[in-house]
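Subject: Structure handover

Hello,

Here is the structure you will be working with. Please open it and keep it beside this email as you read.

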Amino acid sequence: QVQLVESGGGLVQAGGSLRLSCAASGRTFSRYDMGWFRQAPGKEREFVAATTWSSGSTSYADSVRGRFTISRDNAKNTVYLQMNSLKPEDTAVYYCAARSIGHANYNYWGQGTQVTVSS
């Protein structure tokens with residue numbers, strides 16, 4: 001069982017930066033793929049970024065590639081999302097998720113943190 005708690009959201013002007021953090025409970029954090037997703041009002045939840053447990057490789061949605069960076073610190077059981085050059089369209093609730101080995105889908109989710117980008 002993994003519990004995820006996001007933090008770092010807030011209100012920022014367009015062009016600004018925020019860093020989201022996701023603290024995970026459990027002793028096997030390093031064995032989970034970790035991802036960030038977001039959901040804007042009236043829209044479906046969408047993938048933002050992910051990092052694998054095995055190689056630490058990363059992947060990004062086209063809309064954020066080059067602006068956002070996902071990273072993880074296994075010693076601190078924490079995954080981060082550094083968001084730069086923020087745009088109003090990045091406004092959403094951001095969710096952290098974990099995927100256990102052998103699972104096709106992310107099976108643990110945080111409660112979300114609001115990011116609002118003003119123009």
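Which residue forms a salt bridge with Asp62? Arg65 does, and the closest N and O atoms of the two are 2.6 Å apart. Before you go on, please note that this is a predicted model.

Salt bridges

Side chains of opposite charge can pair when their charged atoms come close. The count for this structure is 5 salt bridges.

Asp62 is exposed, because its relative accessible area is 65% and exposed means over 50%. Arg65 has a relative accessible area of 46%. That makes Arg65 partly exposed.

Now go to Arg67. Arg67 forms a salt bridge with Asp90, with the closest N and O atoms 2.8 Å apart. This pair links distant parts of the chain. Arg67 sits in the loop between β6 (58-60) and β7. Asp90 sits in the loop between β8 and β9. The two are 23 residues apart. Both Arg67 and Asp90 are buried. They also belong to a network of salt bridges, which links Arg38, Glu46, Arg67 and Asp90.

Next, look at Arg99 and Asp33. They form a salt bridge too, and their closest N and O atoms are 3.1 Å apart. Arg99 is in strand β9 and Asp33 is in strand β4 (residues 33-39), so the pair ties together parts that are 66 residues apart in sequence. Is Asp33 buried or exposed? Asp33 is buried: its relative accessible area is 12%, and the cut-off for buried is under 20%.

The disulfide

How many disulfides does the structure hold? It holds 1. The partners are Cys22 and Cys96, and their sulfur atoms are 2.1 Å apart. The torsion about the S-S bond is about -80 degrees, so this disulfide is left-handed. Cys22 lies in strand β3 (residues 18-24), while Cys96 lies in strand β9. The pair therefore ties together parts that are 74 residues apart in sequence. Cys22 is buried, with a relative accessible area of 0%. Cys96 is buried as well, at 0% relative accessibility.

The nonpolar core

Again, some background first. In soluble globular proteins, nonpolar side chains tend to be buried together. In this model, the largest nonpolar core has 30 residues. Which residues have the most contacts inside it? They are Leu4, Met34, Trp36, Leu81, Met83 and Tyr94. Several elements give two or more residues to this core: β3, β4, β5 (46-51), β7, β8, β9 and β11 (113-118).

Take Asn77 to begin with. Asn77 is in the loop between β7 (68-73) and β8 (78-83). Asn77 is buried, with a relative accessible area of 17%.

Then find Ser85. Where is Ser85 found? Ser85 is in the loop between β8 and β9 (92-99). Ser85 is partly exposed, with a relative accessible area of 40%.

Best wishes

Terms used:
Residues numbered from 1 in each chain as written. Predicted model: local features only at pLDDT ≥ 70, side-chain atom pairs only at ≥ 80, totals over all residues. Heavy atoms only, no water. Helix = DSSP H or I, 4+ residues; strand = E, 2+ residues; numbered from the N terminus. Buried < 20%, exposed > 50% of the residue type's maximum accessible area, 1.4 Å probe, protein only. Salt bridge = Lys/Arg side-chain N within 4 Å of Asp/Glu carboxyl O. Disulfide = S-S within 2.5 Å. Core = buried A, V, L, I, M, F, W, Y, C linked by side-chain atoms within 4.5 Å.
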